[in-house]
Amino acid sequence: MRKIPVYTHPAAGWPALISSTRKLMDYQTFLRGSVSVFKSNQPQGGFDCPGCAWPDHKSHKMLDVCENGIKVLASETMTTKADAKFFLDHTVTELQGWSGYELEHIGRLSEPLYYDAVQDHYLPISWQAAYEHVAEQLGQLDSPDEALFYTSGRVTNEPAFLFQLFVRCFGTNNLPDCSNMCHEPTSVMLGKQLGIGKATVKLEDFEQAKLILMFGQNPATNHPRMLEMLAHSHEQGCRIISINPMREQGLSKFRNPQKPTHMAAGQSDDMVDEVVQIQIGGDAALLTGLAKWLIENDKINTDFITTHTSGFEPLKQWLTEQSWADIQLGCGISQAEIINLAKLVADSPATICTWGMGITQHVQGDDNVAMITNLLLLMGMIGIDGAGASPVRGHSNVQGDRTMGIHERPKQSLLDSLERVFEHPMPQDNGLDVVAGAKAMIQGDIKAFFSMGGNYSVAAPDSNNIQQALTKNKLNVFVGTKLNETMLYPGANNLILPCLGRTERIVTTKGEQFATIEDSMCQIVPTQGTLKPVSDILKSEAQIVADIATQMFGSDSSIPWQAMGEDFNLIRDYIAQAIEGFENFNVRIRESERGFHLYHAARHRVWNTDSGKAQFEVPKYPITYVASQMAEKTSAFKIDAQNAQNTNDSQNIEQKVWQLTSVRSHDQFNTMIFGYQDRYRQTNRRDVLFMHPDEMTRLGWRKGDSIMVSRQDSHGEQRTLGPLVLTDMDIAANAVATYYPECNDLFDLDTHAPDSHIPAYKSVTVVLERVNTGELAASA
């Protein structure tokens, strides 16, 4: 067995502090950024970190931010400007050739811009002229449904509520958001099974848990503040199991920067007790094995099942039909190992299942979430302390945006409530999500695209086709703080409207304003920037929406758009009337430093489902789905290879069928590329393909070889990526990984889960071809 190079240091610690400091200097914002670091996640006069959605602990810390959060803050607090001079110096065609890293570092957007096609430059435009242009172009559409309105998870509650109200008053429910690409199976399946598509736990439950099962997560890179809670849970005697195709080095030990003894004496806390190195896409199969053993050995909570659930017998029958051979084939874990894990579940009085996008972003992502929920229901682990479902959302307010009504498939109760409060008819037909919206735009059915933050074309699958579709639109509008790739594919009319960042003060005629967000565990917290805006003409997202709505609907509209844009208290008063759970919003948000927790019915064993009980769900896909896909592709490949050998021009090229997953590096957040270093995986380049060294040896390949990756999409079209540089990682057999979003053109818009429509970023079958041999460059 070949040795895998391992990152031997604990997660966080001095390397994290050094890296964070360097990033502040890299963005030339050391002093301004450092001030923001000490204000991040602070209960009084502070702002919620614009990074991940991990909750704040009830205990107060002088410094409550992680390495990734500091990188996000460095990006936002930089004072270098992407201003009119910058855009005069660079054509849009030139900027299309810049990398995400290069675009990320050019500076903050500081004035409204419009695209001049003749000059191929973005040029300054006044706010009023920009608003008039947006209103004119939207007004010329044949139908409101020809426009698509996208939202990023960084948008806070108040502008999100205003935005969805504007879009619905315009006449459409085309309100996709980044949830469609990350945790949509969570929202769909938890909603169906428990009555609400959110976490059933509070942060304090991690202090009482006795077993934590982590599915498809890499918190050391994606939400590092979780590490402290995992280390604390472990110290309290909780057993923690990581179920992941990759043995992530950032999960073994944690050196807490909050503990002086750790930093001075080189101490660290243990976190994960065991890694179950599952095959890519094998989670439902593993969970099937756990549930099967627990039922067959009478280790389930029969009283809870009888009193609180529906659908147990169909699930039990389905589990009986699943063979251990198929279970092992589906997950790559032996029956003995599965039974050992099942015994831990059986013996635990308080179990939390927590998961990230390694669970959701699969064709069978809905099934994965359903089986996690089934496991919790079998053991009665919903509605007790120290137990429950804990999906960890990626962006800071992606959950809050949905709560505020950013949803392409709104509940009738929301539409009825909005009509009652604002006395305005609301559109009744479901709108388009990210996948359907992108397809409609490619087909020419969408004529206008409006984005509140985010990098839509790069975050979504099939990036190139989406970007080309954007150029055919009549109107594209981008509200954001930084330039990104999606803004560089202008249509007939293209506008960039720069907004204030989370760290900056919002001051209106009504005084200084604060906003709110909702974290991953349903806590509503205030957020108030403290820094002077990087430009005097920047506006808040809420003000921009209010101004456009006023331009569209007239100043005599019955809805007080301008008043809401200037007074966030007024927005919250309307939220209190329209959104369930926010009654007396303005009072409650001020009663506690840490805000308030939204009522979660399932946490109290109240089930707002169709049956009135928690619902077991039988998976739709066979548990051998991924293995079958690989076998089918392998068989087809062998036939193609045999045919090629029978031709005169055939070449002796090494190839193999693999399952590929996308990953994020330690130097990025979503589509934001801060740098090229992935400290825990020990590489400083992004054009890499990760493979287990034993698999390299078996193939006769070596580190540094150039590899092409290809797949046939759902329409039979060939997609390719590469060449990529082969490098080693402790990853499951038959599996390879590469970086998101660079790999997104491998994924097509029709490869997604059936109900949630989540794109399959984490599991597609590919063919690898070695095209050149060579040693890995020194920079890797």
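Which strand does Leu-123 lie in?

1. Leu-123 lies in strand β5, residues 121–124. Helices (H or I, at least four residues) and strands (E, at least two) are DSSP runs, numbered from the N terminus.

2. This is a predicted model, in which local features need pLDDT of at least 70 and side-chain atom pairs count only at pLDDT 80 or more, while totals for chains, interfaces and linings use all residues. Residues are numbered from 1 along each chain as its sequence is written, and side-chain values use heavy atoms, with hydrogens and water left out.

3. Leu-123 has a relative accessible area of 13%, so it is buried (buried means under 20% relative accessible area, exposed over 50%, partly exposed in between, with a 1.4 Å probe and protein chains only). Not counting residues up to four places away in sequence, Leu-123 touches Leu-88, Pro-112, Leu-113, Tyr-114 and Asp-116; contact means heavy atoms within 4.5 Å. Phe-514 is 391 residues from Leu-123 along the chain, and their C-alpha atoms are separated by 32 Å.

4. β5 belongs to an open sheet of six strands with mixed pairing, in the order β5-β4-β17-β16-β15-β6. At the edges are β5 and β6 (147–151), each of which pairs on one side only. From one strand to the next the twist averages 20°.

5. Strand β4 (residues 113–116) pairs with β5 in the antiparallel sense, over four bridges; two strands pair if DSSP finds at least two bridges between them. Opposite Leu-123 in β5 stands Tyr-114.

6. Helix α2 (residues 30–39) packs with helix α3 (residues 67–77) at an angle of about 130°, and their axes are 9 Å apart. That makes α2 oblique to α3. Axes are lines fitted to C-alpha atoms, for helices over the stretch in contact, and angles run from 0 to 180 degrees between N-to-C directions. Angles under 35 degrees count as roughly parallel, over 145 as roughly antiparallel, 65 to 115 as roughly perpendicular and the rest as oblique.

7. Which residues of α2 meet α3? Arg-32, Gly-33, Ser-36 and Val-37 do, and their partners in α3 are Ile-70, Leu-73 and Thr-77.

8. Helix α9 (residues 184–194) is mostly covered, with eight of its eleven residues buried. The buried residues include Glu-184, Met-189 and Leu-194. Among the elements that cover them are β13 (351–355), α19 (365–378) and β23 (614–615). Gly-195 follows α9 and has a positive phi, near 100°.
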